[in-house]
Amino acid sequence: MVEQVAKPEGARVVIEVWSDLGCPWCYVGKHRLQTAIAQRPDADRFEIIMRSFELDPGAPQEPEKNEKSFIRAHGGTAAHVLRAERQMQAIARKEGLEFSLDRLNANTFDLHRVVQYANDQGRGFEFFSHVQDGFFAGTLSPYAPDTLAGVAETVGLDGQRVREILASNEYANRVRADRTEGLGLGAAGVPFVVLDRRVAAPGAQKVPVYGQLLEQVAGPVPSERVS
Amino acid sequence: MNETKDGLEIVAIPSSGWCDPDTGTCYIDTGDAATTVDEQ
């Protein structure tokens, strides 16, 4: 890695995560990143900001079974999709994560517009994370305005404001701009995690790798410092 | 070797898996081959 100077002790570190809802590696990667952060005694230094990255902008508005959406977008067979899903489910479960095979996919543009609003309120990560966890656990349908408004209220946002946003086209340009920016920064894989605008990791890395990147931008964990 | 683009260092460590930003297709890095796992 390129040698870089870590931020001063205690200084805030911003971690931007380009992500999409249906992306299973975004889900697994998010939990790994959280684990790496939680392993540091200075975990409260790190702020995660969600950035929008639509992986399937042409997805229909109407939810469809995961199998159907896969075959629509990429071809293949139902058996192929099921095998792949079970593979991913095994990985997720091994890490203690729920992973329902009965997920419904649809266009995520509107969700991202709400994420942008939530970011403005300082709750973007909490909001998206809540939706994402529920989506993969199979306990939440993220395409209903009332559901998103309910999640928003759960994380301290204004549910009525979310309904207004969903009924309008607000934040549309920011969603598109996020995707463009991510690609411009070199997002060769999603999730795309950018730490302090100094180092970036495409795809879901393992916890020790995220830990190494945190150390690179924030310095070693305080307990490991040698005086 | 890591690549640096406009001052941003992009790590070259292979990830466990990723979704392709252009196609939405997702892959698992099995160490010797990539396997399609899911979309979007």
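User: Before we get to the interface, what does buried area mean?

Analyst: Buried area is the accessible area, taken with a 1.4 Å probe, that two parts lose on being put together, summed over both. This is a predicted model, in which local features need pLDDT of at least 70 and side-chain atom pairs count only at pLDDT 80 or more, while totals for chains, interfaces and linings use all residues. Residues are numbered from 1 along each chain as its sequence is written, chains are lettered from A and ligands numbered from 1 in the order in which they are written, and side-chain values use heavy atoms, with hydrogens and water left out.

User: OK, how much area do chain B and chain A bury between them?

Analyst: Chain B and chain A bury about 3000 Å² between them, and 55% of that lies on carbon and sulfur atoms. Counting contact as heavy atoms within 4.5 Å, 29 residues from chain B and 53 residues from chain A take part.

User: And how many salt bridges are there between chain B and chain A?

Analyst: The count is zero salt bridges between chain B and chain A, where a salt bridge is a side-chain nitrogen of Lys or Arg within 4 Å of a carboxyl oxygen of Asp or Glu.

User: Which element gives the most to the side of chain B that touches chain A?

Analyst: That is β5(B), with five residues. Helices (H or I, at least four residues) and strands (E, at least two) are DSSP runs, numbered from the N terminus.

User: What about strand pairing, then: in which sense do strand β6 of chain A and β2(B) pair?

Analyst: Strand β6 (residues 199-202) of chain A pairs with β2(B) in the parallel sense over two bridges, and two strands pair if DSSP finds at least two bridges between them. Here A:A200 stands opposite B:I10 in β2(B).

User: Switching to chain B by itself, what is its secondary structure?

Analyst: Chain B has zero helices and five strands. Within chain B, β3(B) and β4(B) pair in the antiparallel sense over three bridges, and B:C19 has B:C26 in β4(B) as its bridge partner. The hairpin of β3(B) and β4(B) has five residues between the strands, and B:G24 takes a positive phi near 80° there.

User: Back to chain A: which peptide bond is cis?

Analyst: The bond from A:V190 to A:P191 is cis, with omega near 10°, and A:P191 is found in the loop between α8 (172-185) and β5 (192-195) of chain A.

User: Is A:Y171 buried or exposed?

Analyst: A:Y171 is buried, with a relative accessible area of 16%, whereas A:R197 is partly exposed at 36%. Buried means under 20% relative accessible area, exposed over 50%, and partly exposed in between, using a 1.4 Å probe and protein chains only.
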